Each structure stands twice: as C-alpha cells, then as structure tokens.
Amino acid sequence: MLTTDFVDGTPNWLDIGAPDIDGARSFYGSLFGWHFESAGPDAGGYGFFQLDGKTVAGGMRCGPEQGPPAWTLYFRTADAAATARAVEQAHGQVLFGPVDVLGQGHMAVLGDRAGVKFGVWQPGRTKGVDVANAPGALCWAELHTPDIAAAAAFYHRVLGLETSGVSFPGGVYTCVNPAGAGEDAMFGGMVPLSRAEDEPYWLPYFGVEDTDAIAAEARRLGGSVTAPAVTVEGVGRIAGLADPYGARFAVIRSERARGADADRQSQ
C-alpha cells in the first residue's frame, strides 16, 4: 500500500508539465478540489497542488521542447547522483540533473531503457507529498511497457524494486514493491503496452469517491476518457482519463474505500 512513510524506491512525488498551467489548475481544481500555490519567485513558475492544505502534487508550464504534456512520477532515493549513474550503467538516460532544488532536496529526471520518463527525489527539507492513498491523492502507479521482464530488471537494478505476479481472471498482473518490503508495501504494477497506446509511460492513479462521476466530470471539463470505467473484483472501480492537454492519469474507487463505507453504514 502506498503511504507517506517513504522508503527508497517508493513514489514520493509527482508533477505535471502542461502548456497552460492556469488551465491545468482549473481542470484539476474542479475535478479533485485541488488548490494551486506558487512555490515562489525563484521556482520558475513551479507550484504545488494542495488538498485541504496538504500537498498532493506539483506542476508547472512546459513548452513543446520539453516533450508532450504528461505526469512525471518520482521515486525516493538516498542519493540522486548515484541513481542517475546507475541508470546510465543500465542503458537508460539522464534527461535532467541531478540538481539541488532550493535546499528542499535533490532531483533528477531520467529515462528507462524503453524511453519512459521518470524522476527521483532525494529528500531534503521536503520528504515528498503530504498525503497518499486517499481521495484526491496518489494511490497507485502503473508502468505501461512493451517488455515487462526487461522493465522489471531495469527498475530492480536502479531502484531495487521487486516484482511479483498476482493471478486474476484472464491473466497475471505484475505488482511492484520496494526492496525487502514485501507485498504489504506494493505501490504499483506493470502491464503490457496495448495496441492502442503509442508509447510506454508511467500512469498515476488518484483515489476518488465515485469513479463514474469523476469520469463524466473530466469529459465535461474538456478532458477525455481513455479507458471506460470497469470494476476489477477485489480491487475497485477504475477508469483511464486524460486532461485537456492529453496528460494521462487514472482514477480508482478502491474496494477498501467501499468496505469502509459499508462499515460506517452498519454502525
């Protein structure tokens, strides 16, 4: 389960690069109730999406030279420079950094062997997001990749991530957890790239109270539904979405949340 008790290898930050940060702020504010706060005059336009005063993500304007609009997932590391070197040795790419970020921590933006962009965050004053695994916050992360075995080997080498298979009707899902943390620390998975997807990517999942209502609202706000809502037994109801600029994300109403509602109603 994803928590804010971050250990090396777990997602501890995410941000969005959008061509219009004001438009992104409006979209995600209406969809999830997020409020955008500037990180200050020295941050180059970077800011924080907050929910009830707690930071759930970051964001900034990005031009076309920086790639298409997208969410970037960051993983905790004790040494961003060492992780960047490990990525190069594993035949990945160092796209940016490592750099100190105003004393808050060190970051690097990297690419895996399939070209998937991801980041690492070495905590300083900022450990990571303030909330996870809750409505409106990151609760799962999924790598869509053409070669699961190669991806598992790469992320094990550079981040220590471990994988395990979970059977479900129709196949096996590859789950991911930090090194030595066991199944209770699973925070994501890896799935084969579908024919409809043109390139591999990390997909963040945000928790919601009502998957269908959020999907409908995303469409009303100018976004799109990339994967219609579906119920996965034992997991929850999920949907794939994209914001008005094409940045992909998913939402989930988890079985755990449903069970908590049932417990409250029975009391």
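Helices are DSSP runs of H or I that hold at least four residues, and they are numbered from the N terminus. The close-up views below show a predicted model.

**Figure 1. Helix H1 and the glycine that follows.** Helix H1 comprises residues 21-32. At 1.5 Å a residue, the twelve residues of H1 should span 16 Å, and this agrees with the 16 Å that separates the end C-alpha atoms. At the start of the helix, a side-chain oxygen of aspartate 20 comes to within 3.1 Å of the backbone nitrogen of aspartate 22. Just after H1, glycine 33 adopts a positive phi of about 80 degrees.

Figure 2. Ile21, Gly23, Ala24, Phe27, Tyr28, Leu31 and Phe32 are the buried residues of H1. Viewed down the axis of H1, these buried residues fall within an arc of 155 degrees, so they line one face of the helix. The largest nonpolar core contains 65 residues, and Tyr28, Phe32, Trp71, Phe118, Tyr155 and Phe249 are those with the most contacts inside it.

**Figure 3. Strand S9 and its pairing partners.** Strand S9 (residues 138-145) is largely enclosed by the rest of the structure, because seven of its eight residues are buried. S9 pairs with strand S13 (residues 201-207) in the antiparallel sense over six bridges, and histidine 144 stands opposite tyrosine 201 in S13. With strand S12 (residues 188-192), S9 pairs in the parallel sense over five bridges; here glutamate 142 stands opposite glycine 189 in S12.

Figure 4. Most residues other than glycine have a negative phi, and most peptide bonds are trans. Glycine 97 and proline 98, however, are joined by a cis peptide bond with omega of about 5 degrees. Proline 98 lies in strand S6, which covers residues 93-100.

**Figure 5. Two loop residues with positive phi.** Histidine 91, although not a glycine, has a positive phi of about 70 degrees. Histidine 91 is placed in the loop between helix H2 (80-89) and S6. Its relative accessibility is 59%, so histidine 91 counts as exposed, the cut-off for this class being over 50%. Asparagine 133 likewise has a positive phi, near 55 degrees, and is a residue other than glycine. Asparagine 133 is found in the loop between strand S8 (117-123) and S9. With a relative accessible area of 31%, asparagine 133 is partly exposed.

Note on methods
Residues are numbered from 1 along each chain as its sequence is written. Side-chain values use heavy atoms; hydrogens and water are left out. A nonpolar core is a set of buried Ala, Val, Leu, Ile, Met, Phe, Trp, Tyr and Cys residues joined through side-chain atoms within 4.5 Å. Buried means under 20% relative accessible area, exposed over 50%, partly exposed in between (1.4 Å probe, protein chains only). The expected span of a helix is 1.5 Å times one less than its number of residues. The arc is that of the directions from the helix axis to the C-beta atoms. A polar contact is a pair of N or O atoms within 3.5 Å; within protein, one must be able to donate a hydrogen and the other to accept it, and residues adjacent in sequence count only if both atoms are side-chain atoms. Two strands pair if DSSP finds at least two bridges between them.
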